[in-house]
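Let's walk through this model together, one feature at a time. Have the structure open and follow along.

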Amino acid sequence: MDIATVNALPYEDFVNLLGNVVEKCPIITAAVWSGRPFSNLTALEAAFSEFIDTLPESGKEGVLRCHPDLAGRDLQGGTLTHESQEEQTGAGMDALTSAEASRVTRLNEEYKERFGFPFVICARLNDKATVLRHLSERRHSERAQERARGIEEVKKICRLRLRALVRDDAQSKL
Ligand code: 2AL
């Protein structure tokens, strides 16, 4: 779909089509709809990022908590959203050895225990080795720094999900 089509969508269709670009946070998409029309895909991406930036710290933590663990129970049980499923399998999260899987589970739990929200990283820009390395390193950070880092990752996930749905007219003209 192109940006003109996005701009013409009634509210319900906009939320139905773009409601999961921030994982399980359709309220963010509902808020962004008010900012239409968007001049291009970059402006639409910026509207999501800017709205996320306006959230209070508790809201940002809430957004992080809407994300499923990497290689967690939802992946094993087949209950991920289809976007997460593609991202996690693309990064090899479904192909961990049993030793790697136990390590990820232990580090994810340790991270949540320390910060009160889950470890979030853009799986499409990583593979299992870099996910494990970042998880291992980031669990030692400060809480505010991790909250900010996780939110930057949410924005990357959002951008890539948007790009899968909306054509970038600037590129298609080249
Ligand atoms: C995820 C997910 O489901 N997809 C992605 O890119 N990152 N989850 C997470 N905890 O980082």
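A salt bridge joins the side chains of Arg143 and Glu61, with 2.9 Å from N to O. Arg143 belongs to helix α10 (residues 143-165) and Glu61 to helix α5 (residues 57-65), so this pair ties together parts that are 82 residues apart in sequence. In general, side chains of opposite charge can pair when their charged atoms come close. With a cut-off of 4 Å between a side-chain nitrogen of Lys or Arg and a carboxyl oxygen of Asp or Glu, the count comes to 20 salt bridges. Keep in mind as you look around that this is a predicted model.

Next, turn to the ligand. Which residues are around it? They are Pro68, Leu70, Ser84, Glu87, Gln88, Phe119, Val120, Ile121, Cys122, Ala123 and Ile157. Helix α7 (residues 82-90) supplies the largest share of the shell, with 3 residues.

Now zoom in on the polar atoms. The side chain of Ser84 places an N or O atom 2.8 Å from an oxygen atom of the ligand. The backbone takes part too: a polar backbone atom of Ile121 is 2.8 Å from a nitrogen atom of the ligand, and a backbone N or O atom of Ala123 lies 2.8 Å from an oxygen atom of the ligand. On its own the ligand has 290 Å² of accessible area, and the protein covers 100% of that. The space that the ligand takes up is the largest cavity.

Finally, have a look at the backbone geometry in two loops. As a reminder, most residues other than glycine have a negative phi, and most peptide bonds are trans. Where does Lys24 sit? Its place is in the loop between α2 (11-18) and α3, and Lys24 has a positive phi of about 55° although it is not a glycine. Further along, Pro37 is found in the loop between α3 (26-33) and α4 (41-54). The peptide bond leading from Arg36 to Pro37 is cis, with omega near 5°.

Notes:
Residues numbered from 1 in each chain as written. Predicted model: local features only at pLDDT ≥ 70, side-chain atom pairs only at ≥ 80, totals over all residues. Heavy atoms only, no water. Near = heavy atom within 4 Å. Polar contact = N/O pair within 3.5 Å; in protein donor to acceptor, adjacent residues only side chain to side chain. Areas by Shrake-Rupley, 256 points an atom, 1.4 Å probe, with all protein chains shown as cover. 1 Å grid on protein atoms, 1.4 Å probe; cavity = no way out; pocket = protein on both sides within 12 Å on 5 of 7 lines; lining within 4 Å. Sits in = over half its atoms within 2 Å of the grid points. Helix = DSSP H or I, 4+ residues; strand = E, 2+ residues; numbered from the N terminus.
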